[in-house]
Amino acid sequence: MYFFGERSGRQLNPDPSKKLSGPLPGEARQPNESRPDNPPTDWIPCVTVSQANGQVVTASGVSRRYGEGEAAVDALVDISTGFDRGRFTAIMGPSGSGKSTLMHILAGLDAPTAGTVTLDGEQITGLDDAALTKLRRDKLGFVFQFFNLLPVLTAEENLVLPLSIAGRKPDAEWLDRLVRTVGLEDRRAHRPSELSGGQQQRVAVARALVSKPAVVFADEPTGNLDSKASADVMKLLRQAVDEFGQTVIMVTHDPVAAAHADRLITLRDGGIVHDAAPGDADEVIELMKTID
Ligand SMILES: Nc1ncnc2c1ncn2[C@@H]1O[C@H](COP(=O)(O)OP(=O)(O)OP(=O)(O)O)[C@@H](O)[C@H]1O
Ligand SMILES: [Mg+2]
């Protein structure tokens with residue numbers, strides 16, 4: 001486990017691997033005035049009272065080795081951490097440091113070679129493919145770098161797709177609120193090819209939120225956007241956390257994007273080397289200089 005000293009007078013977590021409960025390093029951030037103490041109860045469908053303020057995702061001793069023998073690559077090495085409900089976490093690190101691997105394992109898209117992951121109170125490690133598919137459908141939302149909208153569907157059809165697949169009907173009021181929140185009221189019937197990159201990504205964010213999932217995972221959501229469109233998407237994710245109590249875990253290379261989060265986890269060589277509130281974009285840039 002690597003560990004770097006203090007930055008900007010912030011206290012770092014002396015051993016992030018032990019941080020499975022209690023206040024997060026990210027709580028150093030001043031409480032956001034607009035964040036409700038009690039997120040709307042209709043937002044989180046699968047929460048019991050005892051889980052409501054707990055950790056929605058935990059990784060315990062997670063390692064991922066690709067290949068065998070001399071050619072083996074240890075993409076993740078003994079990662080233990082947890083993610084509080086209603087928090088926004090950014091994950092950064094050099095190329096190849098294990099960010100996508102970690103996100104895929106937390107989301108049940110890949111299995112660790114050692115350790116376990118729990119999601120919304122359920123251990124997902126060891127579940128079969130059918131159970132994992134159902135779990136992802138029912139409990140997770142995803143935002144990818146290249147939007148991944150279906151070209152033949154309209155913006156609105158793309159937006160409600162997770163519900164359509166699950167055979168559920170969107171709640172009209174909720175759908176209207178989402179469309180308004182992402183600023184696409186006059187684009188509902190447009191196809192992706194008729195939308196700008198920023199608009200497409202806003203549809204993708206709304207699609208990730210529509211089923212009120214336990215966690216939204218975003219892998220470089222601003223990686224393909226200009227700075228204005230990036231700022232819009234980050235504001236949306238921040239709003240989902242503050243107003244809807246959504247939990248968001250985002251991989252990014254963008255210090256400006258990371259500065260929107262409550263907490264920044266930094267990886268190097270498959271291990272967590274830093275875990276604290278991100279500070280502003282300049283502080284994130286300075287931090288990354290010490291890690292690259
Ligand atoms: N399917 C695979 N087979 C073998 N090695 C892999 C595989 N997927 C990833 N790796 C290796 O695991 C390590 C971590 O990869 P990962 O994709 O998680 O990095 P990353 O931090 O997301 O990088 P980037 O910023 O470039 O997206 C890298 O060394 C990569 O080469
Ligand atoms: Mg990656």
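**Note on the predicted model and its ligand shell**

1. Helix α1 supplies the largest share of the shell around ligand 1, namely 3 residues. The structure discussed here is a predicted model. The residues surrounding ligand 1 are Tyr 66, Gly 67, Val 73, Ala 75, Gly 93, Ser 95, Gly 96, Ser 97, Gly 98, Lys 99, Ser 100 and Thr 101. Two elements, β2 (73–84) and α1 (99–106), each give two or more residues to this shell.

2. As to overall composition, the protein contains 9 helices and 10 strands. Of its 292 residues, 42% are buried. Among contacts with a separation of 6 or more, 73% are between residues 24 or more positions apart.

3. An open sheet is formed by 6 strands in the order β6-β7-β8-β3-β9-β10, and its pairing is mixed. From one strand to the next, the twist averages 20°.

4. Within this sheet, strand β3 (residues 88–92) and strand β8 (residues 248–251) run parallel and are joined by 4 bridges. Thr 89 has Ile 249 of β8 as its bridge partner. Helix α9 (residues 281–291) packs on the sheet, where it touches β3, β9 (263–268) and β10. The direction of α9 makes about 20° with that of β9.

5. Phe 142 has Phe 217 of β7 as its bridge partner. Both faces of β6 are covered: Leu 140 and Phe 142 are buried on one side, and Gly 141 and Val 143 are buried on the other.

6. Helix α7 (residues 227–244) has 18 residues and, at 1.5 Å a residue, should span 26 Å; the distance of 25 Å between its end C-alpha atoms agrees with this. Its buried residues are Ser 230, Val 233, Met 234, Leu 236, Leu 237, Ala 240 and Val 241. Because these cover an arc of only 150° around the axis, they lie on the same side of α7. Ser 227, Lys 228 and Lys 235, on the other side of the helix, are exposed.

7. Which elements do the buried residues of α7 pack against? They are β3, α5 (172–181), α6 (197–209), β7 (215–219), β8 and α8 (255–258). Strands β3, β7 and β8 also belong to the open sheet described above. Just after α7, Gly 245 adopts a positive phi of about 70°.

8. Val 56 lies in strand β1 (residues 55–66). Val 56 and Arg 85 are 29 residues apart along the chain, yet their C-alpha atoms are separated by 5.5 Å.

Conventions: Residues are numbered from 1 along each chain as its sequence is written. Chains are lettered from A and ligands numbered from 1 in the order in which they are written. This is a predicted model: local features need pLDDT of at least 70, side-chain atom pairs count only at pLDDT 80 or more; totals for chains, interfaces and linings use all residues. Two strands pair if DSSP finds at least two bridges between them. Axes are lines fitted to C-alpha atoms, for helices over the stretch in contact, and angles run from 0 to 180 degrees between N-to-C directions. Two residues are in contact if their C-beta atoms, placed from the backbone, lie within 7 Å. The expected span of a helix is 1.5 Å times one less than its number of residues. A residue is buried if 20 or more other C-beta atoms lie within 10 Å of its own, exposed if 12 or fewer, and partly exposed in between; C-beta atoms are placed from the backbone. The arc is that of the directions from the helix axis to the C-beta atoms. A residue is near a molecule or strand if its C-beta atom, placed from the backbone, lies within 6 Å of it.
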